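Today I am looking up charged side chains. I want to know which ones pair up and where they sit.

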Amino acid sequence: MEQDTEYRRSLPTEVEGRIAAYITAKEGLLARFAARSGDGIRRRGGKREDIRARYSRDADRIMHTKAYARYIDKTQVFYLVRNDHITHRVLHVQLVSKIGRTIGRSLRLNEDLIEAIALGHDIGHIPYGHAGEACLSEICRKEGIGVFRHNLQSVRFLTAIEDCDLTLQVLDGILCHDGEAYDSRMAPLPGKTWDTFDEEIRGLSEGGEGRAPMTLEGCVVRFADTIAYIGRDIQDAQEVGLIEGAGEMPARVRDVLGESNPSIIDTLIKDLIEHSNGETEPLIRYSPDVAEALGDLKRFNYSRIYHHPQVTAELPKIKRMYDTIFAVYLEDLERERRESPIYTGFLDMAWISPEYRRSTGDAEMVRDFIAGMTDRYFERRFEEIVMPKRVDWKFKA
């Protein structure tokens, strides 16, 4: 969250004018249906905009959040494998940003908006990835606070908890990045407002279906997300010994997309660029052959990687960890144990929005505390809860 005080240094008026003119001229080269920074809508917008374009400023705000810093120890697929060469969230979001900007530049879309959405799109992911998400969602339903979805949680971190005052276009892209329903063809849904955004959040928290983003740039990030992980997960699976080689992939996948992560990325990006449109029709899509091969590859990944018995073997233990940690911290709030980590490591921190403390229920605060944990922090808190503490030599007086 940015400081409330204005920065002391200011640029001469003529210098600011030159910068603004350059940004305007640059955006004049964008495609007809690309998003313009001047259209960025903030819910409050109390601060004067500076030399940065609005979506570029949003990317900076996201990168300076505590939630973004925690990407460093959030795993992607192989959450229980000690291997420094497999993908973590911090690398994944960089890949999504890079791939998305490559596509956006080729289609003359707004790269600042793509970058901001990409950097924030996975902030809501929790310990042990999608496995942890399923565990926490079950608890949330039992507590009567709706389902848990990492895209909803990303928005929650960047609005209610750290209060970044991002533009509607960025938050919409983050909220709508998740889902496979339109994975081969997607058109944006323009005209969204803060009211429709809030309605969409309520619907998703109640288990409803997601919608397409309001901008072409949001659509690009949704495609870039898949491009970033689909081949990389195969590469990681080879690294950890689940797959011996590319020869195990379906023949159509190898023939159409290639046999390595670099070739898969290259094929998907170029096919998307060739068949998408931002000038005469707002549409992001693959060709039919590539879309079918990508579908085959996704099914292969689910059967051979994501649902592999060695990947899912520890799920019962993970569920018990979530149940235990949630119950303990909920009790700590109800009994107001101020020494508990939920106070000292979360609620009492200076970067937590005061309004969040006033307006959020106990179960919701526990959900948010757990969702913000890295894998190692989650494990340390569980160990602290279940393991007795040893005393060195003597009890303290």
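I start with the term: I call it a salt bridge when a side-chain nitrogen of Lys or Arg is within 4 Å of a carboxyl oxygen of Asp or Glu. The model is predicted. I searched the whole structure on that basis and got 31 salt bridges.

Entry one, lysine 192. I find it in a salt bridge with aspartate 172, with 2.7 Å between the closest N and O atoms. Lysine 192 is in the loop between strand S1 (185–186) and helix H9 (194–205), while aspartate 172 is in helix H8 (residues 168–175), so this pair ties together parts that are 20 residues apart in sequence.

Entry two, arginine 337. I see a salt bridge to glutamate 331, the closest N and O atoms lying 2.9 Å apart. I also see a salt bridge from arginine 337 to aspartate 332, at 2.8 Å. Arginine 337 is partly exposed, with 27% relative accessibility. Glutamate 331 is partly exposed at 33%, whereas aspartate 332 is buried at 8%.

I noted Asp50, Arg52, Arg57 and Asp60 as linked by salt bridges.

Entry four, a surface patch. Which residues gather in a patch of negative charge? I list Glu143, Glu334, Glu336 and Asp362. Glutamate 334 has a relative accessible area of 55%, and the cut-off for exposed is over 50%, so I log glutamate 334 as exposed.

Terms used:
Residues are numbered from 1 along each chain as its sequence is written. This is a predicted model: local features need pLDDT of at least 70, side-chain atom pairs count only at pLDDT 80 or more; totals for chains, interfaces and linings use all residues. Side-chain values use heavy atoms; hydrogens and water are left out. Patches are made of residues with over 30% relative accessible area and no salt bridge: like charges are joined within 9 Å, nonpolar side chains (Val, Leu, Ile, Met, Phe, Trp, Tyr) within 5 Å. Accessible areas come from the Shrake-Rupley method with a 1.4 Å probe; for residues, only the protein chains shown count as cover. Lys and Arg count as positive and Asp and Glu as negative; His and the chain ends are not counted. The place of a charge is taken as NZ of Lys, CZ of Arg, CG of Asp or CD of Glu. Buried means under 20% relative accessible area, exposed over 50%, partly exposed in between (1.4 Å probe, protein chains only). Helices (H or I, at least four residues) and strands (E, at least two) are DSSP runs, numbered from the N terminus.
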